[in-house]
Amino acid sequence: MTDNRPRLPLKPLSALAFGVGVALISSQAEAHLVTTGLGPVYDGISHFALAPEDLIPVLALGLLAGLRGKEHGRRMLVVLPAAWLLGGLVGLAAGAPASTSVSWIPFVLIGGLVATDVQLSVRVTMALSALLGLFHGYQNGAAMEQAGPGVLGLAGIAANVFVLVTLIAAFVITLRADWTRIGVRVAGSWVAAIGLLLLGWTFR
Amino acid sequence: MTSPRNLLLARLLLTLLASLLFQPRGALAHESRPAYLQISEIAPDRYDVIWRTPVLSGMRLPVVLKLPDGARELGESFVQESPGSLLERQKIEITGGLGGKRIDFVGLQATITDVLVRMATLGGAHSTILVHPAQSYVDLEASRGLLATAGTFLVSGVEHILLGVDHLLFILGLLLIVKSTWMLVKTITAFTIAHSITLAIATLGYAQIPTPPLNAAIALSILFLGPEIIRSWRGETSFTIRSPWVVAFAFGLLHGFGFASGLTAIGLPSTEIPLALLMFNLGVEIGQLAFVALILLLARAFTVLEMKWPRQVEMLPAAAVGSLGAFWTIERLAMMLAGAP
């Protein structure tokens, strides 16, 4: 039976973002990228930077790790990029992107956890990181299998994830005043709200 | 009921589609296929022009592209014939740019063919205009101001360094060697002064280094830092570790020639060299400082998180600097010896 429900426009958006990123990079200073052979890494970096469906959950995870403490942050900056890379390699091999109709789940789940500031064990945080990394990495890998940057592109994305989650988690940990913590929770509620909007779009 | 405006829009879209799907298939060939003119600004006052005209039964469209007075060709034009079209490509320079000037399509009045004109500026703006036989010319938009030109070179400078992994790795190598904030300031300042000097010298045409040996030397500068980082982390000392700013200055002179090649590759308008040089260099500095800030922020974040890396992982940045430097050195030397341009 054919599923005729409208799909979230994430995949086209992602593809568009990827195309724009590649075009931006390839139109400027390509001599460098050719002589160093690291053009695909930049393709991956620009892909991630231009894909809000990847970027926002990672931001939210960074906020969550920061709220939960140093131990969570330390482990997440290893687990999340590693899972992303692993999922990406599987996606590269498989070549077919998974359904995007579940893309709202990380937004709602992680955003909700940040907003409610729930106490979580390190294991739970790491499980969330691993799941998110594997899912999004798989999607990226499948997209890259079709577009070309391959493993180096995935390395660029994983590096981006690593830098972003490290900086966000450390930044939140340094926040001392109560109101700043509330600000972080508000940001989490926005992420959850975006997820709910995506959910509404999925079932509209 | 379809309005004339909608008809015009539909025609424009169809023409655009036709130009994109322009295939040399005889069955589809007829005189109403559009000609196509693409003008891409590659530098202020410089343009890459692609002019494609349909060919029917070996006869090309009797339309001649007439660029504005004062436009002069840079180098030889490239012509490619295919069964269904003729493509001409050339680079041109025109003082004051194409903005506000008119391009004529001589002979278009006698045909039933349209010309699709696409214009792309350095600032990223695109425009598409459909020229009809009834009005066989196009007036291009007025030229960009000084501010827009300055912005273009500023962005080019930022992009040049941020996409230049070799320059970034050299800076990373320096950051891994310096041991105090004051030494960091001295080292980065020395690198900046040095590359600014040679960037200006090369851009103004006082000195040039051929690209192959220059690229090899830049790679060598990165390779040079690899063992120094290891030495520094082992607690040993050397001239580089004691005075990294001297090394930064010396190799910065080389990297400046590299930046100059990036600037001249974009193309320099003869009337705006000082502005272009200033803004490009400023862009390089902004990109460089942003990279330094990112590395320092990361180091601070590791401290906040009380991150303790295994010894092998700690060595990764040094290994990356050294091994990539070695790889590029060998690769570029091989290319140089093979006579690559």
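I began with the cut-off: a residue is buried when its relative accessible area is under 20%, exposed when it is over 50%, and partly exposed in between. I also noted that the model is a predicted one.

**Entry: a buried charge pair in chain B**

I looked up B:D166 and B:R332, and both residues are buried. The two form a salt bridge, with 3.3 Å between the closest N and O atoms. B:D166 belongs to helix α3 of chain B and B:R332 to helix α10 of chain B, so the pair ties together parts 166 residues apart in sequence.

**Entry: a strand-to-strand pair in chain B**

I next looked up B:D48 and B:R89, whose side chains meet in a salt bridge at 2.5 Å, N to O. This pair links distant parts of the chain, with B:D48 in strand β2 (residues 46–56) and B:R89 in strand β6 (residues 85–93) of chain B, 41 residues apart. B:R89, at 37% relative accessibility, counts as partly exposed.

**Entry: B:E93**

I stayed with strand β6 of chain B, where B:E93 is also placed. B:E93 counts as buried because its relative accessibility is 12%. I then asked which residues B:E93 contacts when its neighbours within four places in sequence are left aside. I found B:D45, B:R46, B:G70, B:A71, B:R72 and B:L74. With B:R72, the side chain of B:E93 makes a polar contact of 2.6 Å. With the side chain of B:R46, B:E93 makes a polar contact of 3.4 Å.

**Entry: charge pairs in chain A**

I recorded the total of salt bridges over all chains, which is 13. One of interest joins the side chains of A:D117 and A:R181 at 3.4 Å, N to O. A:D117 sits in the loop between α6 (104–116) and α7 (122–147) of chain A, whereas A:R181 sits in helix α9 (residues 178–202) of chain A, 64 residues apart. A:D117 is buried at 17% relative accessible area, and A:R181 is partly exposed at 33%. I also found that A:R68 is linked with A:D117 and A:R181 in a network of salt bridges.

**Entry: an enclosed helix of chain A**

I asked why helix α3 (residues 39–49) of chain A can be called largely enclosed by the rest of the structure. The reason is that 8 of its 11 residues are buried, so the rest of the structure largely encloses this helix. I listed the buried residues of α3(A) as A:G39, A:V41, A:Y42, A:D43, A:G44, A:S46, A:H47 and A:F48.

**Entry: nonpolar cores**

I looked up the largest nonpolar core, which has 48 residues. Its members that touch the most other members are B:L169, B:F170, B:I171, B:L199, B:L225 and B:V321. Helices of chain B that each supply at least two residues of this core include α4 (181–203), α5 (211–233) and α7 (244–266).

I then took B:L199 on its own, leaving out residues up to four places away in sequence. B:L199 touches B:G256, B:F259, B:A260, B:L263, B:L277, B:F280 and B:N281.

**Entry: the interface of chain B and chain A**

I found 24 residues of chain B in contact with 21 residues of chain A. The area buried between the chains is about 2000 Å², and carbon and sulfur atoms give 72% of this area. B:L163, B:V304 and B:L305 supply 33% of the area that chain B buries against chain A, more than any other three residues.

I counted 1 salt bridge between chain B and chain A. B:E306 forms a salt bridge with A:K70, the closest N and O atoms being 2.8 Å apart. I also noted 3 residue pairs in polar contact across the interface.

Four helices of chain B each supply at least two residues of the side that touches chain A, namely α2 (146–162), α3 (165–177), α8 (273–304) and α10 (316–337). The largest share of that side, 6 residues, comes from α8(B). By class, I recorded 14 nonpolar, 5 polar and 5 charged residues on the side of chain B that touches chain A.

Definitions and conventions: Residues numbered from 1 in each chain as written. Chains lettered and ligands numbered in written order. Predicted model: local features only at pLDDT ≥ 70, side-chain atom pairs only at ≥ 80, totals over all residues. Heavy atoms only, no water. Contact = heavy atoms within 4.5 Å. Buried area = accessible area lost by both parts, 1.4 Å probe. Salt bridge = Lys/Arg side-chain N within 4 Å of Asp/Glu carboxyl O. Polar contact = N/O pair within 3.5 Å; in protein donor to acceptor, adjacent residues only side chain to side chain. Nonpolar A, V, L, I, M, F, W, Y, C, P; charged D, E, K, R; others polar. Core = buried A, V, L, I, M, F, W, Y, C linked by side-chain atoms within 4.5 Å. Buried < 20%, exposed > 50% of the residue type's maximum accessible area, 1.4 Å probe, protein only.
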